[in-house]
Number of protein chains: 2
Amino acid sequence: MNFKSNHIPRATLERMAVYLEVLNSLSRDGVTLISSEELGTFCNTNGAQVRKDLAYFGEFGVRGLGYYVEELSHAIASSLGINREWRAVLVGMGHMARSLLMHREMRMHTYRIVGVFDIDPTRVGQEILGIKVLNIQELKGLESQLKPEIGIITSRPDHVQYIVNRLLDAGVRGILNFTPTRVPVPEGVFVEYVDYLHHLYALSFNLSSHQS
Amino acid sequence: MNFKSNHIPRATLERMAVYLEVLNSLSRDGVTLISSEELGTFCNTNGAQVRKDLAYFGEFGVRGLGYYVEELSHAIASSLGINREWRAVLVGMGHMARSLLMHREMRMHTYRIVGVFDIDPTRVGQEILGIKVLNIQELKGLESQLKPEIGIITSRPDHVQYIVNRLLDAGVRGILNFTPTRVPVPEGVFVEYVDYLHHLYALSFNLSSHQS
């Protein structure tokens with residue numbers, strides 16, 4: 001189980017998230033064993049793709065039998081590095097921040113929001129789901145207390161570079177950016193851009209192409 | 001400009017969304033001409049990638065000069081099928097719905113929200129940013145009035161299949177699903193799943209792999 005690859009294609013990572021979701025749901029339903037074909041069907045893909053994706057992370061399953069649901073779920077979580085708690089700070093108080101705070105993975109503390117910050121002084125001091133919003137300028141001073149690893153930017157698209165700099169100053173090395181603003185970061189820092197626009201574009205493109 | 005491809009890789013579509021964002025921002029700043037190298041730099045990629053991506057949609061640009069910013073922006077929008085208004089209904093009133101309603105592309109009416117629905121009777125009748133929330137059961141009866149093309153599901157993950165069936169009944173052929181629930185749909189219907197979890201997983205994976 002140890003020849004873990006260092007580069008995982010994005011499409012594989014996306015499917016891993018789906019596999020994990022499905023495996024956890026199966027586990028809750030009491031299912032203990034599943035074939036790659038069955039898992040593929042549940043995840044809108046096929047057995048060959050499941051086997052290929054899992055091969056990036058190691059060898060799983062029992063030939064002719066399938067995968068033990070709980071074991072596979074734990075193995076995937078461990079491979080992805082999510083078998084522990086990650087400390088995250090949210091920057092930008094608004095509907096997206098609220099939606100995130102109510103997300104199951106956040107509430108289950110895989111990603112634990114240890115602080116909420118904003119750049120807008122009129123929002124600082126307000127409360128969001130019981131958490132007091134602090135000024136982003138205070139983040140650095142709270143570094144040793146909060147130990148933030150991941151910064152989630154749900155602010156408006158202005159001042160994103162300033163926010164990123166404050167996050168890096170406080171030791172953050174992974175950033176989830178919900179704004180479309182592209183920001184350069186030093187080596188060893190990872191930024192992920194969440195954008196659902198391209199999903200809408202894909203729909204428009206497909207619907208336009210298939211109109212008779 | 002006519003040898004438009006029918007299959008566009010997902011990564012290309014994602015970058016097209018970024019190119020469009022950057023081109024529109026350049027256009028607002030009064031920039032009229034840009035090289036593929038410059039556009040690549042602005043979009044965290046390179047000139048060769050820009051040229052390769054654009055080739056899926058046709059021939060653009062003037063050799064040795066670059067692209068006319070506004071012309072390219074219009075050509076991309078036309079290729080993606082977003083040079084017109086798309087009529088969308090939102091199902092599931094909550095923070096994500098509010099966040100979406102405030103999104104620029106929604107407010108600029110590329111994607112015009114023509115109705116907000118919910119399955120939860122306690123939410124029906126409430127108002128969200130001035131729009132009255134209707135019962136999803138009423139959608140079919142409003143089909144000829146609303147003419148919905150796209151359905152955006154921001155509800156809880158329960159009853160998603162039921163919601164999808166109501167959308168299809170009302171003529172919707174494109175679905176943007178913010179829940180992780182996988183739903184089978186008939187031929188000719190397109191479903192896009194928006195999931196930011198895999199972005200967090202990518203961060204965890206990268207941060208774990210690069211920890212010393």
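A salt bridge is a side-chain nitrogen of Lys or Arg within 4 Å of a carboxyl oxygen of Asp or Glu. By this criterion, the count between chain B and chain A is zero salt bridges. The structure is a predicted model, in which local features need pLDDT of at least 70 and side-chain atom pairs count only at pLDDT 80 or more, while totals for chains, interfaces and linings use all residues. Residues are numbered from 1 along each chain as its sequence is written, chains are lettered from A in the order in which they are written, and side-chain values use heavy atoms, with hydrogens and water left out.

The interface can be described by its contacts and its area. With contact taken as heavy atoms within 4.5 Å, 62 residues of chain B are in contact with 62 residues of chain A. The size of an interface is often given as the accessible area lost when the parts come together. Here the buried area (the accessible area, with a 1.4 Å probe, that two parts lose on being put together, summed over both) is about 5,700 Å², and carbon and sulfur atoms give 71% of it. B:Tyr196, B:Tyr201 and B:Phe205 supply 14% of the area that chain B buries against chain A, more than any other three residues.

Polar contacts (pairs of N or O atoms within 3.5 Å; within protein, one must be able to donate a hydrogen and the other to accept it, and residues adjacent in sequence count only if both atoms are side-chain atoms) also join the chains: there are 12 such residue pairs between chain B and chain A, both residues being at pLDDT 80 or more. Helices (H or I, at least four residues) and strands (E, at least two) are DSSP runs, numbered from the N terminus. The elements that give two or more residues to the side of chain B that touches chain A include α1 (10-28), β9 (190-193) and α9 (197-209) of chain B. The largest share of that side, 13 residues, comes from α9(B).

On the chain A side, A:Glu192 lies in strand β9 (residues 190-193). Leaving aside residues up to four places away in sequence, A:Glu192 touches residues of both chains, among them A:Arg10, B:His199, B:Ala202 and B:Leu203. A:Glu192 is buried, with a relative accessible area of 8%; buried means under 20%, exposed over 50%, and partly exposed in between (1.4 Å probe, protein chains only).

Over all chains, the structure holds 18 salt bridges. One of these pairs A:Glu149 with A:Arg84, the closest N and O atoms being 2.5 Å apart. A:Glu149 lies in the loop between α7 (143-146) and β7 (150-153) of chain A, and A:Arg84 in the loop between α4 (69-80) and β3 (86-91), so the pair ties together parts that are 65 residues apart in sequence. A:Arg84 is partly exposed, at 32% relative accessibility.

In chain B, B:Glu85 meets B:Arg87 in a salt bridge (3.9 Å, N to O). B:Glu85 also forms a salt bridge with B:Arg112, the closest N and O atoms being 3.3 Å apart. B:Arg112 lies in strand β4 (residues 111-118) and B:Glu85 in the loop between α4 and β3 (86-91), so this pair ties together parts that are 27 residues apart in sequence. In chain A, A:Glu85, A:Arg87 and A:Arg112 are linked in a network of salt bridges.
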